[in-house]
Amino acid sequence: MNGNAPQRRQAAGGVGLGRLFGIEIRLHFSVLLIFGLVAWSLAAHTFPGWHPDWSPALHWGLGLATALLFFVSLLAHEFAHSLVAKWKGLQIDRITLFLFGGMAELKTQPKTAGVEFMVAIAGPLMSVAIGLGAIGLAALLVDGGFAGRLAENPEAAMASLGPLPTLLLWLGPINLFLAAFNMMPGFPLDGGRVLRAILWAISGDMQKATRWAAYSGRVVAFMLMGLGGLEIFFGGFINGLWLLFIGWFLFSAARAAQAESELRASLQGHRLSELMDTGFEFADGNDDVESFARERLMHRSQAVWPVLENGQLVGIVTIDDIAQLPPEARPHTRLARLAKPLHEVDFVEHNLPGPEILKRLAESDYGVVLVVKDNQIIGLLRQSDVVRWLTIHTA
Ligand SMILES: [Zn+2]
């Protein structure tokens with residue numbers, strides 16, 4: 001470590017792919033697994049079933065190309081959400097692809113039901129456009145009698161297709177299926193967001209609309225899990241497992257969305273200073289890390305320490321920073337040198353309105369904000385402080 005170029009904390013579990021239209025694209029590690037699974041199931045099952053006469057090399061080549069285009073179409077779906085959001089003035093800086101879908105990470109919530117509706121519907125519309133486009137392109141590539149032969153003898157008709165129409169006739173329907181899946185009316189799926197926008201427009205109450213849409217998300221999730229159970233019961237083990245998994249995933253997402261909505265509601269009308277942790281101490285930047293850890297850190301529950309050097313605030317040091325410093329270096333390293341510099345620390349005014357807190361905390365690089373009043377640090381705020389608030393403010 002050379003002290004300059006401070007390392008910013010990696011967003012949990014993902015790799016960056018680059019930027020497009022000013023939006024960072026990230027891949028969650030689960031995508032690699034699913035990509036492999038999609039390519040394998042196409043190359044080892046779907047395509048050999050359609051084209052038993054093709055070579056394995058062709059099956060695999062086409063399987064990989066198709067899987068790749070499948071993920072490109074997922075990305076296009078997320079970009080449709082993101083670009084409409086940007087156009088409507090919402091801040092968006094990252095798209096994370098995970099599993100069989102993605103997440104356009106909006107930093108700001110839509111301000112009106114109309115904007116919410118447009119942002120939510122844009123993704124499924126893009127999937128429909130890709131789906132119809134792929135099927136239309138395939139229609140141009142096959143001869144006029146194909147549809148008739150497909151109805152008569154599907155196997156022979158599919159076997160007569162070349163590689164490109166084969167790819168398109170898988171990609172097209174799967175995008176239509178994705179659009180339909182995403183439009184299921186359960187928050188936080190796109191269809192649930194559309195539902196929330198409609199309920200919001202009718203009731204005029206966004207919190208209430210979120211609760212209803214999240215409730216509907218749980219119902220949809222239970223239905224999927226029920227279908228999965230039936231499927232397994234009747235012998236479709238893999239499909240059933242998928243449905244169970246998707247249902248469970250949706251259920252936890254709906255519950256998280258509901259919890260966030262309740263938290264937002266409970267913070268309404270309150271200020272940051274009511275939540276913050278005021279029982280903290282400052283660390284002396286001139287201390288070495290070893291003696292600081294032994295004499296102070298070990299005897300407090302405080303995990304984040306503002307560091308003063310000659311009475312001036314110079315940064316913050318966390319228990320993780322100390323853990324990462326090799327023990328042999330600790331006696332020779334001053335705390336001030338280990339501290340994260342001030343320009344990386346998030347300062348927030350003590351009278352920040354409650355609902356803004358979650359946003360500021362989510363934006364903070366180290367999961368902590370320093371609360372300021374009259375240029376003095378009067379408190380710290382971390383996720384655990386919000387959890388404590390929630391514990392005593394929800395029935
Ligand atoms: Zn979507």
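**Close-up views of a predicted model**

**View 1. Helix α2, residues 56-87, is shown from end to end.** This helix has 32 residues and reaches 46 Å from its first C-alpha to its last, close to the 46 Å expected at 1.5 Å a residue, where the expected span is 1.5 Å times one less than the number of residues. Helices here are DSSP runs of H or I with at least four residues, strands are DSSP runs of E with at least two, and both are numbered from the N terminus. After α2 comes Gly 89, whose phi is positive, near 85°. The structure is a predicted model, in which local features need pLDDT of at least 70 and side-chain atom pairs count only at pLDDT 80 or more, while totals for chains, interfaces and linings use all residues. Residues are numbered from 1 along each chain as its sequence is written.

**View 2. The two domains of the protein are domain 1 (14-183) and domain 2 (272-393).** These bounds come from an automatic or database domain assignment. Taken over C-alpha atoms, the centres of domain 1 and domain 2 are separated by 44 Å.

**View 3. Helix α8 (residues 206-233) meets helix α9 (residues 237-267).** Their axes come within 7 Å and cross at roughly 165°, which makes α8 roughly antiparallel to α9. Axes are lines fitted to C-alpha atoms, for helices over the stretch in contact, and angles run from 0 to 180 degrees between N-to-C directions; those under 35 degrees count as roughly parallel, over 145 as roughly antiparallel, 65 to 115 as roughly perpendicular and the rest as oblique. The residues of the contact of α8 with α9 divide into 19 nonpolar, 10 polar and 4 charged.

**View 4. An open sheet of 4 strands has the order β5-β6-β7-β8, with mixed pairing.** Because β5 (283-284) and β8 (340-341) stand at the edges with a single partner strand each, one side of each is left without a neighbour in the sheet. Two strands pair if DSSP finds at least two bridges between them. Strands β6 (residues 304-309) and β7 run antiparallel and are joined by 6 bridges, with Val 304 standing opposite Thr 318 in β7. In the hairpin of β6 and β7, 2 residues lie between the strands, and Asn 310 takes a positive phi near 50°. Strand β7 (residues 312-318) is also antiparallel to β8, to which 2 bridges join it: Ile 316 has Lys 340 of β8 as its bridge partner, and Gly 315 has Pro 341 of β8.

**View 5. An open sheet of 3 strands has the order β9-β10-β11, again with mixed pairing.** The edge strands are β9 (346-349) and β11 (376-382), each of which pairs on one side only. Neighbouring strands of this sheet are turned by 35° against each other on average, with direction ignored. Strand β9 pairs with strand β10 (residues 368-373) in the parallel sense over 4 bridges, and Asp 346 stands opposite Val 369 in β10.

How values were computed:
Nonpolar A, V, L, I, M, F, W, Y, C, P; charged D, E, K, R; others polar.
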